[in-house]
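Keep the sequence and the 3D view open as you read.

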Amino acid sequence: QAKVAGKNCYRFYSRAMDQAVERRVHLEHELRGAWDRGELSLVYQPVYRVSDNALLGAEALLRWQHPEHGAIAPSVFIDVAEQSGLIETLGPQVLRAACEDAVRWSAQRGDREPLFVSVNLSPRQLRSGDLPRIVADVLGDTGLHPRQLHLELTETAVLGDESLASAMLSQLRDTGVQVWLDDFGTGFSGLSHLRRVPIDGVKIDRSFIADILRDPDDLALTTAIIAMAHSLGIIVVAEGVEREGQYELLRERDCDLAQGYLLGHPLHMDEFQKLL
Ligand code: C2E
Ligand code: MG
Ligand code: MG
Ligand code: MG
């Protein structure tokens with residue numbers, strides 16, 4: 001009896017696994033032409049300076065509106081793009097589109113302080129030796145000032161291979177762009193590595209910000225990250241600020257920048273331009 005159950009069980013999991021693999025292959029196939037079919041677009045989440053609520057820039061976030069399945073989460077399709085290598089064509093397309101949009105905002109803002117655009121890069125893009133050349137080409141072609149471009153890399157991507165990453169980050173920063181560590185704090189070892197990787201800023205992961213009003217440990221950690229970063233001359237962004245109380249607490253703790261649903265949801269280009 002047990003044997004039969006075990007066999008059924010195995011069969012069940014194996015079928016579920018087959019289906020998952022099948023779905024992935026299907027998604028990968030669909031994703032391949034999605035950019036050219038106009039199914040992919042960028043939205044921009046505003047980023048504010050905490051001390052005076054000034055709008056300083058925006059993070060570009062990719063969206064996929066599938067004609068049959070509707071909106072597909074970036075956590076799903078970015079992973080497919082990363083695993084399949086598709087990110088090596090998609091990543092530069094995203095970078096170029098975001099820089100073009102940022103040039104348009106600048107024109108619209110006139111003489112006021114230019115806004116930055118923050119673009120997420122996947123680990124595979126960092127590992128490909130082409131990245132500094134791609135960034136330089138896009139800056140040259142679009143005319144975006146390098147200081148206006150921020151590149152976001154996850155802590156795990158950078159800490160996976162520190163010497164390679166450090167060399168790559170130095171090359172990137174030589175082009176004049178800023179490099180930020182995303183989802184910071186999810187691997188706590190990061191704090192001690194901060195001084196060894198050449199970066200401009202860290203983004204505290206929203207899982208910490210979510211609980212700073214209730215959990216003293218998360219508040220202590222957030223406060224420690226801010227203090228440590230500042231002592232190293234690194235800027236700090238808080239992600240996922242949803243409540244007024246969190247924002248006040250972050251201001252009290254001297255956090256530099258913030259983004260989150262309290263301050264602004266990701267917006268399509270035309271909506272973002274209205275905000276300007
Ligand atoms: P991320 O870079 O950490 O982006 C922040 C995520 O938090 C976004 O999710 C954003 O919509 C969400 N968010 C912002 N404010 C709040 C808030 O107040 N509360 C909550 N609960 N969430 C908030 P999204 O757009 O689903 O993106 C998920 C992840 O997908 C991103 O995390 C990033 O790692 C990746 N991603 C998105 N676009 C790109 C891209 O163009 N290239 C690459 N390589 N990765 C991307
Ligand atoms: Mg990000
Ligand atoms: Mg993040
Ligand atoms: Mg995240």
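Helices (H or I, at least four residues) and strands (E, at least two) are DSSP runs, numbered from the N terminus. This is a predicted model, in which local features need pLDDT of at least 70, side-chain atom pairs count only at pLDDT 80 or more, and totals for chains, interfaces and linings use all residues. Residues are numbered from 1 along each chain as its sequence is written, chains are lettered from A and ligands numbered from 1 in the order in which they are written, and side-chain values use heavy atoms, with hydrogens and water left out.

**Metal site**
- Glu59 (OE), Asn120 (OD1), Glu152 (OE) and Asp182 (OD) coordinate the magnesium ion (ligand 2) at 2.0 to 2.2 Å.
- Donors are N, O and S atoms within 2.8 Å of the metal (3.2 Å for Na, K and Ca); water is not among the atoms, so sites may look incomplete.
- The donor residues of the magnesium ion (ligand 2) follow the spacing E-x60-N-x31-E-x29-D in sequence.
- Asp182 also bridges to the magnesium ion (ligand 3), and the two ions lie 4.0 Å apart.
- Glu152 sits in strand β5 (residues 149–154) and Asp182 in strand β6 (residues 178–184), so the pair ties together parts 30 residues apart in sequence.

- Glu152 is buried at 2% relative accessible area; buried means under 20%, exposed over 50%, and partly exposed in between (1.4 Å probe, protein chains only).
- Asp182 is buried too, at 6%.

**Positive phi**
- Most residues other than glycine have a negative phi.
- Asn53 has a positive phi, near 60°.
- Asn53 belongs to the loop between β1 (40–49) and β2 (55–66), and is partly exposed at 42% relative accessibility.
- Asp183 has a positive phi near 50°.
- Asp183 lies in strand β6 and is partly exposed at 26% relative accessibility.
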